[in-house]
Amino acid sequence: MTESAHPAPRPYWFGLISIMPALIEQISEYGVFGRALKQGGLDLEVFDPRRHTVDRHQTVDDRPYGGGPGMVMLTEPLLAAIGEARAAAAGRGVDAPVVYLTPTGERLDQDLVKEFAQCPGLILLSGRYEGIDERVLVTAVDRELSVGDYVLSGGELPALTLMDAVARLLPGTLGNAASAEEESHLDGLLDYPHYTRPENAAGRHVPQVLLSGDHAAINRWRLKQALKETWLKRPDLLAGRELGKEERELLRELFAEGLGA
Ligand code: SAM
């Protein structure tokens, strides 16, 4: 048997568990994520817990023990859907942790996104109603993730947020790999400002340095602007950062120009 010297890389695999699969399918047709799916760098399968119900109404929730508002997602359909997703992952040779999207989870940031991009795949569990029965959490979930300190009505948008952020880091997803390398948070700073044609718009001119063709000067300007943006909008990011020599120089320049005033 002959083997290709360069076998095609295996696509990154997402298994998403949701009782609203149509929501996911619509959104995943567009943009960078949709293109990666079409080009085969990504693969997405949706597993609907309702398919694992036995009653006529395909019930996936019930009232909480102890009373109180809202409904809780039932253990059995969720465990069955997780089992189905795990079997699909195993069939592809993908070892994928089960991640539950929940406001009580670890807060998603770019470092976590990078970590997830190193996995061959992820199983994402979206809750609805008041959330899921604790026994699903305890017996089948490896990790809990939050997209921020606010409450949404379902885990689908958080799951899409995570999938989109991971997809951007996968080789070949973005047309230009440098786009991903230069974005906000990737090296702990916010992004610098961007300009495109025309040179004059809304009564303002593009900074002259960007028209100079001097790439060293452009890079220096961009780093300085990234430091300025970070200082003004997210000073906490600078507090935890070990600054390089050029960054210290640029910050001194910015302060001399009145940034800290
Ligand atoms: N009772 C839950 C609480 O107070 O923590 C909130 C449940 S919420 C209405 C329903 C579902 O939306 C959750 O099970 C979770 O999957 C998802 N969700 C809501 N906010 C989220 C967030 N900030 N991050 C991740 N998932 C979230």
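Which residues are the closest to the ligand, and how many surround the ligand? In this predicted model, local features are reported only at a pLDDT of at least 70 and side-chain atom pairs only at pLDDT 80 or more, while totals for chains, interfaces and linings use all residues. Residues are numbered from 1 along each chain as its sequence is written, and side-chain values use heavy atoms, with hydrogens and water left out. The ligand is surrounded by 21 residues, a residue being counted as near if one of its heavy atoms lies within 4 Å of the molecule, and the closest of them are Tyr 100, Leu 101, Gly 127, Glu 130 and Tyr 150.

Oxygen atoms of the ligand lie 2.6 Å from a polar backbone atom of Leu 101, 2.9 Å from one of Gly 127 and 3.4 Å from one of Gly 154. Of the 590 Å² of accessible area that the ligand has on its own, the protein covers 85%, as computed by the Shrake-Rupley method with a 1.4 Å probe. By class, the shell around the ligand holds 10 nonpolar, 9 polar and 2 charged residues, where Asp, Glu, Lys and Arg count as charged, Ala, Val, Leu, Ile, Met, Phe, Trp, Tyr, Cys and Pro as nonpolar, and the others, Gly among them, as polar.

The ligand sits in the largest pocket, in the sense that more than half of its atoms lie within 2 Å of the grid points of that pocket. A pocket is here an open set of points on a 1 Å grid over the protein atoms alone, where a 1.4 Å probe fits, with protein on both sides within 12 Å along at least five of seven lines, and lining residues have an atom within 4 Å of a point. The largest pocket contains about 480 Å³ of space, taken as the volume filled by probe spheres set on the points. Its lining comprises 27 residues, of which Tyr 100, Thr 102, Pro 103, Glu 130 and Gly 131 are the closest to the centre. Strand β5 contributes the largest share of this lining, 5 residues, and also gives the most to the shell around the ligand, with 5 residues; strands are DSSP runs of E with at least two residues.

Away from these descriptions, Arg 197 and Pro 198 are joined by a cis peptide bond with omega of about 0°. Most peptide bonds are trans.

Key. Polar contact = N/O pair within 3.5 Å; in protein donor to acceptor, adjacent residues only side chain to side chain. Helix = DSSP H or I, 4+ residues; strand = E, 2+ residues; numbered from the N terminus.
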